[in-house]
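Dear colleague,

I am passing on the structure we spoke about, and below it you will find my notes on what turned up when I went through it. Please read them with the model open beside you.

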2 protein chains.
Amino acid sequence: MQNTPVDQPEVLGLRERKKRARREALIDATHRLVGEHGLDAVTVDAICEEAGVSVRTFFNYFETKDDAALGHAPWQLETPAGEVFAAGGPTGHLMLDLQALAVSFLTDPPIGRERLARAMELAAKEPRLVARHLAWFEQHKGQLFALVERRLGQDGPHTPEMVGSVLLFLTHATFLRWDAAGGHGAADDHLSAVVTELRSILSD
Amino acid sequence: MQNTPVDQPEVLGLRERKKRARREALIDATHRLVGEHGLDAVTVDAICEEAGVSVRTFFNYFETKDDAALGHAPWQLETPAGEVFAAGGPTGHLMLDLQALAVSFLTDPPIGRERLARAMELAAKEPRLVARHLAWFEQHKGQLFALVERRLGQDGPHTPEMVGSVLLFLTHATFLRWDAAGGHGAADDHLSAVVTELRSILSD
DNA sequence: CTGCAAAGTTGCAGTGCGTGTAAAGTTGCA
DNA sequence: TGCAACTTTACACGCACTGCAACTTTGCAG
């Protein structure tokens, strides 16, 4: 059950710990204030005051006020699940492995489960956040395509773009369904339902 | 070959004509300047000067500088194609009709073909624009779902959300493929290729 | 043609996001 | 203990975008 990525030291230095603490403090402060007053009524100044940090520092951590609400960090695709996928696993069956990867995106969020839940809650009320989230995905599409390309090689029947787009679609659709269910249930089950319905529509 | 929506008079008043002319002038001015200097180097002030219009007026036409570059107008889903789809046509076969609708989105853009091509060109160089475009789609998702819901009724096997999402996926994927082909070829053909590959991936 | 109501444009002042820069403070390490 | 690398912070600035109130233009009825 331990979470020990290979190339990171088990115990972090003071500097790194402080950085993470600050990041989380900023996200929490944002969630607190936005949950109470709404996204547009909360200024970055207010968030920084709440978190006890200068405005300039805020923007060292997040590109955007919205990013803080969503807890966005630069996406790390070098996760164990990502590597397994690129290497041709876990089953060797493309569609199943895409599903496994999508599940890993949803169940091991870099932000932590409760914070993710808070972010989802806010996004449901503030459409702008959903848009920003999509934009963030878009920003990392290149990385994602590269990952898929490693898996496919350049000789397969499918284009990395198309496969990557399908992966994003599955992830997003599952996310929505999960959210609609109030965050209950396992990601696997929702994803299965999505795939089933997608197949049904296509072969209708 | 004539384009005569039902509830609009054949000849427009001076007011309406001026409005459209201004909108197009603003889009063209934006395209000209952004194409030359890049999106971030062009201020709204500059665009307005180029178009001979006050800044305040600019924001009466567009929510955002980026919207002007993309030529975004509030989406009218009450198109002939939309109505046909909602009514169960044109073939009565869901998947085929989704494709027909997607094609109509791509071939009858509210903005006009050349302007759309210009916008695509800019979007390829400025990732922000793609993101904004997605956000704009997201804003109109509700309308789109409503349209799909009219078609499906509430008793069908599929959820409007899922069908709507598939529609967006098809449209977007086709758009990308079209763009990658340099804007050449018919939308139909690219869409068919997308559907074929999607089926192939899913049943792989 | 005239005059009135509706719609549209404009300048202005203001809010707030986001960035460059340079100085001051912290942490890592020899 | 002291130096090098990294962070935070204050300050100043540019620009996107908005509300408002005056002004101009268009549509239309008499």
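Predicted model: local features only at pLDDT ≥ 70, side-chain atom pairs only at ≥ 80, totals over all residues.

Once residues up to four places away in sequence are set aside, His172(B) touches Lys141(A) and Leu134(B).

Thr174(A) is found in helix α10 of chain A, residues 160–180. Thr174(A) is buried, with a relative accessible area of 1%, and, apart from its neighbours within four places in sequence, it is in contact with Leu106(A), Ala187(A), His190(A), Leu191(A) and Val194(A).

Is Ala117(B), by contrast, buried or partly exposed? Its relative accessible area is 39%, so Ala117(B) is partly exposed. Ala117(B) belongs to helix α7 of chain B, residues 113–125, and although 47 residues separate Ala117(B) from Leu70(B) in sequence, their C-alpha atoms are 9.9 Å apart in space.

Next, the contact between the two chains. How many residues of chain B are in contact with chain A? There are 28 on the chain B side, and they meet 28 residues of chain A. The size of an interface is often expressed as the accessible area that is lost when the parts come together. Here chain B and chain A bury about 2,600 Å² between them, with 70% of that area on carbon and sulfur atoms. Within chain B, the residues that lose the most area to chain A are Met162(B), Ile201(B) and Leu202(B), which together make up 27% of what that side buries.

The contact between them takes 12 residues from domain 1 of chain A and nine residues from domain 2 of chain A. Domain 1 and domain 2 of chain A bury about 1,100 Å² between them, 49% of it on carbon and sulfur atoms. On the domain 1 side of chain A, His31(A), Leu39(A) and Asp66(A) lose the most area to domain 2 of chain A, and together they account for 49% of what that side buries.

DNA strand C is surrounded by 21 residues, of which the closest are Lys18(A), Arg56(A), Arg22(B), Thr57(B) and Tyr61(B). Of the atoms of DNA strand C that come within 4 Å of the protein, 64% belong to sugar and phosphate. Base oxygens of DNA strand C are approached by two arginine side chains: an N or O atom in the side chain of Arg15(A) is 3.0 Å from a base oxygen, and an N or O atom in the side chain of Arg56(A) is 2.9 Å from a base oxygen. For the side chain of Tyr61(B), an N or O atom lies 2.8 Å from a phosphate oxygen of DNA strand C. The elements that give two or more residues to this surface are α1 and α3 of chain A together with α1 and α3 of chain B, and α3(B) gives the most, with four residues. By class, the surface near DNA strand C has six nonpolar, six polar and nine charged residues.

Turning to DNA strand D, 21 residues lie around it, and Thr57(A), Tyr61(A), Lys18(B), Arg56(B) and Lys65(B) come nearest. Sugar and phosphate make up 66% of the atoms of DNA strand D that come within 4 Å of the protein. Phosphate oxygens of DNA strand D lie 3.2 Å from a side-chain N or O atom of Lys19(A), 3.0 Å from a backbone N or O atom of Ser54(A), and 2.5 Å from a side-chain N or O atom of Lys18(B). The largest share of the surface near DNA strand D comes from α3(A), with four residues.

With best wishes

Technical notes: Residues numbered from 1 in each chain as written. Chains lettered and ligands numbered in written order. Heavy atoms only, no water. Contact = heavy atoms within 4.5 Å. Near = heavy atom within 4 Å. Polar contact = N/O pair within 3.5 Å; in protein donor to acceptor, adjacent residues only side chain to side chain. Buried area = accessible area lost by both parts, 1.4 Å probe. Nonpolar A, V, L, I, M, F, W, Y, C, P; charged D, E, K, R; others polar. Buried < 20%, exposed > 50% of the residue type's maximum accessible area, 1.4 Å probe, protein only.
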